[in-house]
Amino acid sequence: MALKTTEAVVLKAFNWSESSRTVVLFTRDKGRLALTDKGGRRFNSRRGRLIPFSRLEITYYDSQKESAGYISDVSLVESFSLEGEGALGRLAYASAACELVFHLLPDGQVQTDLYRYFITLLSLLDKVERQSLPAVFLTFFIHLLSYLGYHPSLSSCPGCGRDAGELTVDGSVFFCPERGGGICSACQRTGEQYIPIPEPGYKLLVQLQRAPLTQAVSLSMGYGETTLLLEALIKFVGYQTDLKAKLKSLEFLEKLKDSNNTS
């Protein structure tokens, strides 16, 4: 096997013995990559640790066969502690971002720009004010979908192209997860599922789709508004991908709720 080095972030790990596991990484040069971590769970392992929510330099033996290659060494490049005010929310958003990338990014598809965008997200989740966390995460979520070819049509009706400013009915825009956008009254179909989003919330969703992550930092959102917009995006993902498993992002919403209630 050839020995290679790349930068990566840990997305998920599957333990299969007391000392070893399979680790799924989002790498800068290889996209999503699964590697065997032999002996990495041992306390006395001499190799560097796989620290979550961190930029790591991974040295590994690359396998050209069906079986995965394995990790040789790990060194820390940059760690995002997520220990600021609202630490539970920071951790929940970072975990949800890893989960989304794990489920949506195909194996071996190189996404260098998305990797840099992901690192920017982790950096912002580590240092922005607590009230900026929802807008930053939602902006990442929307842009992640676009990077991977699931661009939601938020600026206009997917049926007729009518501008988003003309989609409001009784104070709400009716978001269709199946078609991935707000549907005007003329294009709505019997039997189709819609999520009514109050007009200010839908305008914010359109604004987030157009905003860079650094601009989203200046936007503040309430818990109820965040939950509704996340529900719309998660259902959109369910329709647009073959993802069958329940996203733990739904569980992280409950953690956020608990965080708000105890703060």
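Reader: Which residue in E7 is the bridge partner of Cys176?
Author: Gly181 is the bridge partner of Cys176. Keep in mind that this is a predicted model, where local features need pLDDT of at least 70, side-chain atom pairs count only at pLDDT 80 or more, and totals for chains, interfaces and linings use all residues. Residues are numbered from 1 along each chain as its sequence is written, and side-chain values use heavy atoms, with hydrogens and water left out.

Reader: How many bridges do E6 and E7 pair over?
Author: Three, in the antiparallel sense, with E6 covering residues 172–176. Two strands pair if DSSP finds at least two bridges between them. Helices (H or I, at least four residues) and strands (E, at least two) are DSSP runs, numbered from the N terminus.

Reader: OK, and what's the strand order in the open sheet?
Author: E7-E6-E8, three strands with antiparallel pairing. Strand E7 (181–183) and strand E8 (195–198) are the edges, each pairing on one side only. On average, neighbouring strands here are turned by 50° against each other, direction ignored.

Reader: Which strands does H4 touch when it packs on the sheet?
Author: H4 touches E6, E7 and E8, and its direction makes about 90° with that of E8. Contact means heavy atoms within 4.5 Å; axes are lines fitted to C-alpha atoms, for helices over the stretch in contact, and angles run from 0 to 180 degrees between N-to-C directions. Helix H6 (residues 223–240) packs on the sheet too, touching E6 and E8, at about 145° to the direction of E8.

Reader: Which H4 residues are buried?
Author: Gly201, Tyr202, Leu204, Leu205, Val206, Leu208 and Gln209. Buried means under 20% relative accessible area, exposed over 50%, partly exposed in between (1.4 Å probe, protein chains only). The cover over them includes H3, E6, E7, E8 and H6.

Reader: Why does Gln209 count as buried?
Author: Because its relative accessibility is 10%. Gln209 sits in H4 (residues 199–210), and its side chain makes a polar contact with the side chain of His151 at 3.4 Å. A polar contact is a pair of N or O atoms within 3.5 Å; within protein, one must be able to donate a hydrogen and the other to accept it, and residues adjacent in sequence count only if both atoms are side-chain atoms.

Reader: What else does Gln209 touch?
Author: Leaving out residues up to four places away in sequence, Gln209 touches Ile142, His143, His151, Pro152, Leu154 and Ser155.
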